[in-house]
Amino acid sequence: MPQLPFDITKMDGSGEFTGEYEQIPEGEYQVRVTDTENRVSKNGNEYLNVEFTIVGPTHAGRKVWDNHFIYGEKRFPRVRFKWFAEACGLGSIKATEELHGRECIVNVTHAGPD
């Protein structure tokens with residue numbers, strides 16, 4: 001029979017879950033695209049938010065997100081999105097749902113303080 005890796009009698013069960021997680025360490029992760037959603041920034045700019053679920057090598061099941069400002073006229077955000085779609089194995093794409101379930105490698109980095 002599997003054994004628990006901790007003794008629940010030695011844990012303080014008071015308090016509520018705060019929703020806080022430890023930050024995922026910087027590095028490369030194999031991920032699966034699990035959602036895409038159009039959003040609008042505080043400045044009124046429309047963008048695509050992409051949700052990834054990590055599949056390995058560590059932190060499986062954790063989520064990371066990336067934003068793509070592809071709806072403006074600037075070229076680089078669209079080229080960056082093209083690179084992303086290609087990394088997911090798509091040579092062409094008509095709808096963001098085509099990304100769902102696709103896997104690729106992402107490099108997690110942490111932004112500095114604002």
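Phe52, Phe81 and Phe84 form one aromatic cluster. The model is predicted.

Reader: How many aromatic pairs does the structure hold?
Author: A pair of aromatic rings is described by the distance of the centres and the angle of the planes. Ring centres must lie within 6.5 Å to count. The total for this structure is 4.

Reader: What geometry do Phe52 and Phe84 form as an aromatic pair?
Author: Their rings sit 5.7 Å apart, centre to centre. The planes make an angle of 80 degrees. Over 60 degrees counts as edge-to-face. So the class, with 80 degrees between the planes and a limit of 60, is edge-to-face.

Reader: Which parts of the chain does the pair of Phe52 and Phe84 link, and how many residues apart are they?
Author: Phe52 belongs to strand β2, residues 46–56. Phe84 belongs to helix α1. The pair links distant parts of the chain, and the separation in residues is 32.

Reader: Is Phe52 buried or exposed?
Author: Buried means under 20% relative accessible area. Phe52 has 3% relative accessibility, so Phe52 counts as buried.

Reader: Is Phe84 buried or exposed?
Author: The limit is again 20% relative accessible area. Phe84 has a relative accessible area of 10%, so Phe84 is buried.

Reader: How many disulfides does the count come to?
Author: Two cysteine sulfur atoms must lie within 2.5 Å. For Cys88 the nearest cysteine sulfur is that of Cys104, 3.9 Å away. Cys104 is likewise in no disulfide. The count is 0.

Reader: Are Cys88 and Cys104 buried or exposed?
Author: The cut-off is under 20% relative accessible area. Cys88 has 5% relative accessibility, so Cys88 counts as buried. At 5% relative accessibility, Cys104 also counts as buried.

Reader: Which helix supplies at least two residues of the lining of the largest pocket?
Author: The lining has 23 residues. Nearest the centre are Val64, Trp65, Asp66, Asn107 and Val108. Strands β3 (63–68) and β4 (103–108) each supply at least two residues. The helix that does so is α1 (75–87).

Reader: How many residues in the lining of the largest pocket are nonpolar?
Author: The space in this pocket is about 660 Å³. By class, its lining has 6 polar and 4 charged residues. The nonpolar count is 13.

Terms used:
Residues numbered from 1 in each chain as written. Predicted model: local features only at pLDDT ≥ 70, side-chain atom pairs only at ≥ 80, totals over all residues. Heavy atoms only, no water. 1 Å grid on protein atoms, 1.4 Å probe; cavity = no way out; pocket = protein on both sides within 12 Å on 5 of 7 lines; lining within 4 Å. Points joined across faces, edges and corners; volume = space filled by probe spheres on them. Helix = DSSP H or I, 4+ residues; strand = E, 2+ residues; numbered from the N terminus. Nonpolar A, V, L, I, M, F, W, Y, C, P; charged D, E, K, R; others polar. Buried < 20%, exposed > 50% of the residue type's maximum accessible area, 1.4 Å probe, protein only. Phe/Tyr/Trp six-rings, centres within 6.5 Å; stacked < 30°, edge-to-face > 60°.
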